[in-house]
Amino acid sequence: MFARLALSSRLPSRIRQSNVCPVPIRTFSQAKFSLPRPHGKSFAHRSELKQAKRIVVKLGSAVVTRGDECGLALGRLASIVEQVAMLQNQGREMMIVTSGAVAFGKQRLRHEILLSQSVRQALHSGQNQLKDMSIPVLEARACAAAGQSGLMALYEAMFTQYSICTAQILVTNLDFHDEQKRRNLNSTLHELLRMNIVPIINTNDAVVPPPVPNSDLQGVISIKDNDSLAARLAVEMKVDLLVALSDVQGLYDSPPGTDDAKLIDIFYPGDQQSITYGTKSRVGIGGMEAKVKAALWALQGGTSVVIANGTDPKVTGHVITDIVEGKKVGTFFSEVKPAGPTVEQQTEMARHAGRTLASLHPDQRGEIICCLAELLTEKKDEILSANKKDMEIATASGRFSQPLINRLSLSTSKLNSLAIGLRQLAASSRDSVGRVLRRTRVANNLELEQITVPIGVLLVIFESRPDCLPQVSALAIASGNALLLKGGKEASYTNKILHQLTQEALSIHGVADAIQLVSTREEVEDLCRLDKLIDLIIPRGSSQLVRDIQRAAKGIPVLGHSEGVCHVYIDSEASIDKAIDCVKDSKCDYPAACNAMETLLIHRDLLRTPVFDQIIDMLRAEHVKIHAGPRFASYLTFSPSEVKSLRTEYGDLECCIEVVDSMQDAVDHIHKYGSSHTDVIITENEETAEQFLQQVDSACVFWNASSRFADGYRFGLGAEVGISTARIHARGPVGLEGLLTTKWVLRGEGHTVADFSEQGSMKYLHENIPVPQGSLA
């Protein structure tokens with residue numbers, strides 16, 4: 001065995017960086033991870049993969065080789081090496097099982113044969129013109145012998161860029177079945193890992209016999225390909241995680257490419273009977289069946305396994321690190337089957353029940369909402385008890401800010417307000433789904449209608465605020481949409497009982513599955529990738545949560561606002577009483593709300609006047625911390641702390657005060673530093689107010705009213721899913737109308753487009769037909 005182990009020492013001259021390969025000895029004090037966990041039990045959940053200390057990355061032939069099978073995919077290989085190097089430098093113990101020697105050797109041998117033939121032909125013909133030359137079929141073992149050294153030199157050159165040393169190990173079946181050789185191999189690998197060296201392992205294809213069917217004996221897997229080699233090595237070395245990269249996204253329930261093929265997120269032992277395997281990859285001697293067999297064998301030995309795509313240019317640069325971070329990539333093999341459905345199954349259940357919900361009569365959907373309103377008051381003691389438990393846990397943890405804890409709190413008055421809003425929504429939603437918006441007579445006996453329909457499946461992700469669960473649920477019911485809810489762990493007990501009550505209300509018309517609460521360990525980023533299952537994402541929470549979701553949601557529209565930097569402008573002609581009342585309410589009524597005032601703009605003429613002094617006295621009496629804007633600070637000898645940013649959303653009893661020269665100056669400030677949420681003017685000058693209302697480009701603009709009115713319930717919408725600052729679809733408080741889209745219905749009698757051509761017998765009329773208010777299709 002030691003004869004076949006060689007520390008890499010040769011670098012191609014064009015990329016050599018140094019003649020010395022650093023070999024730092026790994027000690028546990030240097031590592032960034034804790035001592036290795038006891039081996040023998042694989043990880044149960046993806047989120048636990050972050051704990052993986054010892055990792056094997058298996059690179060299939062399709063990953064390493066180019067599409068023409070001659071030579072290596074250098075760019076792809078470089079990105080994989082970069083990820084392995086990053087994980088190694090974090091203190092993990094990385095090993096690579098690689099293919100590619102045959103492809104690399106095939107490229108070299110073809111080049112040599114072509115060169116030899118061209119020289120002979122040139123000598124024979126006496127001229128440099130070449131004729132067609134055929135290349136003989138190359139024997140795989142010869143190709144492996146010619147390519148192995150070059151492959152290893154390439155790996156070493158790439159890893160040296162990250163100051164990481166590599167070592168080559170070639171193995172055959174005998175090295176695992178002969179006890180002495182197996183111990184030698186084990187000892188060598190442990191010594192390399194201790195020395196912080198990345199072992200690169202491959203089957204010795206130069207001497208290995210051709211693959212033949214071979215039964216496993218007494219639980220020992222035979223080394224027939226690199227899949228089985230990686231599995232055998234993982235169990236032998238007590239590896240925590242085996243990442244098997246191939247040219248498919250993972251394991252499908254039927255051959256990839258077929259119409260109904262679905263990627264399997266988590267695969268459990270015993271599930272192999274429910275899948276159908278396709279053909280193997282374009283290169284290599286394995287196939288998906290071989291990969292699954294090897295993965296299950298490794299899983300049984302205590303190693304977690306993920307099969308993923310290593311060839312997709314969109315993910316190759318981060319596929320390995322994503323897997324180690326616990327992201328939903330490829331197929332994860334687990335021995336622990338969850339008790340409930342997967343999030344994909346929940347989404348399918350919600351979509352199916354949602355279609356039934358949409359087909360109900362409006363009165364029936366109203367009955368469901370009214371039932372939920374009754375349950376909120378009838379079961380208030382149980383709800384408040386669960387909420388108290390959440391509050392105690394959140395407070396004791398010390399991890400949550402006071403504004404977040406305030407959002408978490410429920411009270412009897414909050415539940416009563418919720419119930420009133422839900423009844424209001426039930427009464428106003430009877431003509432929502434299926435409402436005719438437009439009717440046109442296209443031609444004789446050819447009529448067109450535009451009608452309202454549900455969007456489909458909504459995903460609402462919310463932090464803290466459990467009161468948003470019944471609000472959003474009621475809106476989904478009224479609009480006939482299926483709903484997936486993902487709440488924060490801090491409100492888990494409250495969310496659970498509120499969801500149970502929601503399903504109890506839905507069950508009166510047999511659609512309990514239309515609203516699902518995601519209680520599995522799904523990461524928000526993974527949910528945002530379900531673009532084939534989810535039609536709209538609505539985030540409810542901090543600006544950071546909204547920004548993260550907007551960044552993660554590729555292919556799914558996101559409805560919401562990232563910040564609530566709301567302004568109140570006190571004009572020079574403002575009423576002192578209105579100014580004090582509106583500023584106090586805007587800031588102090590509920591400072592954690594997104595519609596609370598964050599910046600107070602004051603006309604310059606009001607400085608050092610009783611109006612200004614009374615506003616400041618009121619804010620101090622309410623214990624509001626004041627931050628001075630740059631201009632305001634310049635007027636003061638001893639100013640409050642100067643604001644760090646004029647775009648700050650405090651979410652607490654804090655605000656910024658800034659001075660402006662005019663109404664137009666205030667408008668310009670709002671456009672520069674605001675978030676297009678809600679902005680207010682306090683003035684007695686109607687002309688000034690109207691100019692402000694027209695010029696400010698925000699979702700909500702108010703005159704002589706508190707910013708806290710920006711709310712679906714206060715607008716008479718019954719409830720809201722959130723406030724949108726988008727410029728298309730819904731804007732401002734998004735209620736029922738914002739959760740509907742439209743479809744076109746055409747009714748004819750065998751009409752064809754050809755009937756309306758120059759030679760046709762029909763003419764377009766395009767006459768608008770009056771639509772009675774509340775008319776349903």
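1. To start with the terms: contact means heavy atoms within 4.5 Å. Helices (H or I, at least four residues) and strands (E, at least two) are DSSP runs, numbered from the N terminus. Axes are lines fitted to C-alpha atoms, for helices over the stretch in contact, and angles run from 0 to 180 degrees between N-to-C directions.

2. Please keep in mind that this is a predicted model, where local features need pLDDT of at least 70, side-chain atom pairs count only at pLDDT 80 or more, and totals for chains, interfaces and linings use all residues. Residues are numbered from 1 along each chain as its sequence is written, and side-chain values use heavy atoms, with hydrogens and water left out.

3. Now the four-stranded sheet: it is open and parallel, in the order 14-13-12-15, and strands count as paired if DSSP finds at least two bridges between them. Strand 14 (515–517) and strand 15 (536–540) each have a single partner strand, so one side of each lacks a neighbour in the sheet. Strand 13 (482–487) runs parallel to strand 14 and is joined to it by three bridges; leucine 485 stands opposite leucine 517.

4. Two helices lie across this sheet. Helix 10 (343–359) lies across strand 12 (457–462), strand 13 and strand 14, at about 145 degrees to strand 13. Helix 18 (543–552) lies across strand 12 and strand 15, at about 160 degrees to strand 15.

5. Do look at the other open sheet too: six strands with parallel pairing, ordered 18-19-17-16-20-21. Strand 18 (625–628) and strand 21 (700–703) are its edges. Strand 18 pairs with strand 19 (654–660) over four bridges, and alanine 628 has isoleucine 657 as its bridge partner.
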